[in-house]
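Please open the model in a viewer and keep the selection tool at hand.

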Amino acid sequence: MEKTVAGNTIQVNEEGYLTDFSQWTREVGDEIAKEEGIVMTPRHWEVINYLQEQHKQETALSIRRIGKSGVVDIKEFYALFPKGPLKTSTKIAGIPKPASCI
Amino acid sequence: MSSNGEIKKMLLILSKATLENVYAAFVLANGARSEGIEAEMFFTFFGLEAIHAKKLEHLHVATVGNPAMHIPTMLGGLPGMEAIATKMMKSEMEKIDMPDVREFLEILSASGVKLWACKLAMDMFHYKREDLYEEIDGVLTVGEFYGRGAGEGVHMLFI
């Protein structure tokens, strides 16, 4: 479905995740973060950039792998995105919600 | 306060330390946290072995009385069968990026899962606090654990 975010029309699925990463801009990310109740800081963006790079390399994302990334540890990841870090951060990053149970 | 049936907190009681039960409990706790749901674990009776510093790395799969393993019960009881089944299960878990017990405890703790040891079981097995995995949050009585379940949207699960 269509959604207007930060003046742009983007395509999202029923959970609000972008279906086309090329439609993502930092403004879009910022707007989604606001909807999730998160005020973005440079530290948040570092994590978002890392997730987007992983997505481009088609690496499956999991809490465990992010914890080992050297970019952010699990504790900080939860502190940055308290309400479910993986699902919230991927939504802001404009990439699909990981289907992993671990 | 909202009462839309949404789960806000999971209290998981682990009473066994066979590898399959420990992993089930860990995955449920971790899964809760990744959905933004609070999670606490209460380790009681044999479940305590999952947080016993010296024992947690040596947990086994149950090969006896587990029809889904497709090993006849008589054979499951032979020496070495648990070790073989455990080795197989661990190798499968590694393939799906499942951490070992110690690393999983570290992940749970870092994710904000509270880990509690049962006082009665500690007394029964003569365990001391220093025998346990260092990151646990404390030792509680049943009553104290129930006290942590106050509020709406709290669910309790016995494994």
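Helices (H or I, at least four residues) and strands (E, at least two) are DSSP runs, numbered from the N terminus. For chain A as a whole, the mean pLDDT is 92, with 99% of residues at 70 or more.

This is a predicted model, in which local features need pLDDT of at least 70 and side-chain atom pairs count only at pLDDT 80 or more, while totals for chains, interfaces and linings use all residues. Residues are numbered from 1 along each chain as its sequence is written, and chains are lettered from A and ligands numbered from 1 in the order in which they are written.

Next, select E1(A) together with strand E2 (residues 8-11) of chain A: the two run antiparallel and are joined by four bridges. Strands count as paired if DSSP finds at least two bridges between them. Thr4(A) stands opposite Thr9(A) of E2(A). The two strands form a hairpin with two residues between them, and Ala6(A) in the turn has a positive phi of about 50 degrees.

Now show the contact between the chains, which takes 14 residues from chain A and 13 residues from chain B. Two residues are in contact if their C-beta atoms, placed from the backbone, lie within 7 Å. On the side of chain A that touches chain B, helix H3 (63-67), helix H4 (74-80) and helix H5 (85-93) of chain A each give two or more residues.

Move to chain B and select its open sheet of five strands, in the order E4-E3-E2-E1-E5, with parallel pairing. At the edges lie strand E4 (138-140) and strand E5 (154-158) of chain B, each pairing on one side only. Within the sheet, strand E1 (residues 9-14) and strand E2 (residues 38-43) of chain B pair in the parallel sense over six bridges. Ile13(B) has Phe42(B) in E2(B) as its bridge partner.

Finally, select Met41(B). Which residues is Met41(B) in contact with, leaving aside its neighbours within four places in sequence? They are Leu12(B), Leu14(B), Ala25(B), Ala29(B), Val113(B), Leu115(B) and Trp116(B).

Note on methods:
pLDDT is the predictor's confidence in each residue, from 0 to 100.
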